[in-house]
Amino acid sequence: MKIKSILIAILLLFSYQISVAQWTKGKNNAFLKVAAWNLNYDQHYTNSGDIKDNSEKSYFNLSIYGEYGITKKIDALTYIPFFASNKQIKLNNNETLNSIGDIDIGFRYGILKKDNWALSTTLKFGLPTGVNNAGSDSSFNTGDGEFNQLLTTELGYSSSFNNTPYYSKAYIGINNRTNNFSDEFRTGLEFGVLLFNSKFWGIAKLNNVTSLNNNPIANNTTNQGNIFGNNVQYTSFGFEGAYKVTNKIGISLGVDSAFNAKNIAAAPSINSGVFFELK
């Protein structure tokens with residue numbers, strides 16, 4: 001608990017000094033994205049960081065992500081995986097679990113916006129609406145079965161170089177998890193550049209999740225890369241391309257891959273979607 005309290009203090013201090021940023025939407029403006037996410041793997045990182053083989057497994061979900069500007073400085077956020085599927089392929093039979101996933105709701109507050117800089121803080125609540133511990137080996141999940149609270153602060157900068165717009169942002173956060181799950185320390189960086197007559201955003205992302213290992217009750221040795229397990233940690237690098245078909249509608253495609261990881265699948269994930277901007 002002492003380590004956790006120190007991290008929270010650092011996070012709150014950071015949010016009022018250097019911190020990180022996300023541009024708020026503005027009153028009555030909105031962003032909506034309908035997306036598909038897929039992960040197939042037959043290897044996983046163990047709790048010691050080694051890579052081992054496992055039976056072929058896959059996760060897939062369809063989701064809606066939304067941001068809505070309640071006021072000039074406050075956004076409401078939601079992530080709803082309305083269809084989630086967990087499939088395991090065995091030698092003699094296959095198992096599949098279909099359900100809703102874990103829903104996130106939250107709020108972002110714009111602390112400061114000055115010149116090219118923006119500073120904000122975000123609080124998200126992870127609701128245990130998915131299924132956990134199902135299937136013949138209790139490893140079938142579409143959620144983690146715990147209620148978590150993720151507090152982050154974000155700092156962003158936007159400008160242009162040779163008439164080419166770009167942005168960069170960073171975040172730092174702590175995820176408080178319940179139901180005997182270890183808490184997590186999270187950080188990330190993102191950089192985007194607008195190309196092809198302001199139609200295409202090319203985006204690179206770097207994210208890190210570090211488990212505080214303060215609740216090591218769950219036995220991760222049998223999880224075989226279950227992404228909803230306890231003491232999951234990783235660094236991931238990803239790319240995403242977003243093309244604006246019109247001023248309000250666009251499509252996106254991205255890939256992420258984890259490395260330097262523990263207790264998680266050892267394979268890249270792919271996502272695609274259609275997004276709408278309402279102003």
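The following legends describe close-up views of a predicted model.

Local features are given where pLDDT is at least 70 and side-chain atom pairs where pLDDT is 80 or more, whereas totals for chains, interfaces and linings use all residues. Residues are numbered from 1 along each chain as its sequence is written, and side-chain values use heavy atoms, with hydrogens and water left out.

**View 1. Overview of the chain.** The chain contains 1 helix and 14 strands; helices (H or I, at least four residues) and strands (E, at least two) are DSSP runs, numbered from the N terminus. Of its 279 residues, 42% are buried, where buried means under 20% relative accessible area, exposed over 50% and partly exposed in between (1.4 Å probe, protein chains only). The accessible surface (Shrake-Rupley method, 1.4 Å probe) amounts to about 14,500 Å², and 59% of this belongs to carbon and sulfur atoms.

View 2. Y171 has G188 of β9 as its bridge partner. On its other pairing, β9 joins β10 (residues 200-211) in the antiparallel sense over 12 bridges, and L206 of β10 is the bridge partner of L189.

**View 3. The two hairpin turns.** In the hairpin of β8 and β9, 6 residues lie between the strands, and N179 takes a positive phi near 60 degrees. The hairpin of β9 and β10 has 4 residues between the strands, with F196 in the turn at a positive phi of about 55 degrees.

**View 4. A nonpolar surface patch.** L189, L206, F237, F239, L253, V255, F259 and I270 together expose about 730 Å² of accessible area as a nonpolar patch. Such a patch joins nonpolar side chains (Val, Leu, Ile, Met, Phe, Trp, Tyr) within 5 Å, from residues with over 30% relative accessible area and no salt bridge (a side-chain nitrogen of Lys or Arg within 4 Å of a carboxyl oxygen of Asp or Glu). Strand β12 gives the largest share, 3 residues. F237, in strand β11, is partly exposed at a relative accessible area of 37%.

**View 5. Aromatic pairs.** The model holds 12 aromatic pairs, defined by ring centres of Phe, Tyr and Trp (its six-membered ring) within 6.5 Å; planes under 30 degrees apart are stacked, over 60 edge-to-face and the rest tilted. The ring centres of Y59 and F228 are 5.8 Å apart with planes at 80 degrees, so this pair is edge-to-face. Because Y59 lies in strand β2 (residues 51-69) and F228 in the loop between β10 and β11, the pair ties together parts 169 residues apart in sequence. Y59 is buried at 4% relative accessibility. W117, Y157, Y166 and F191 form one aromatic cluster.

Note on methods:
Pairing = 2+ DSSP bridges. Patch = residues over 30% accessible without salt bridge, like charges linked within 9 Å, V, L, I, M, F, W, Y side chains within 5 Å.
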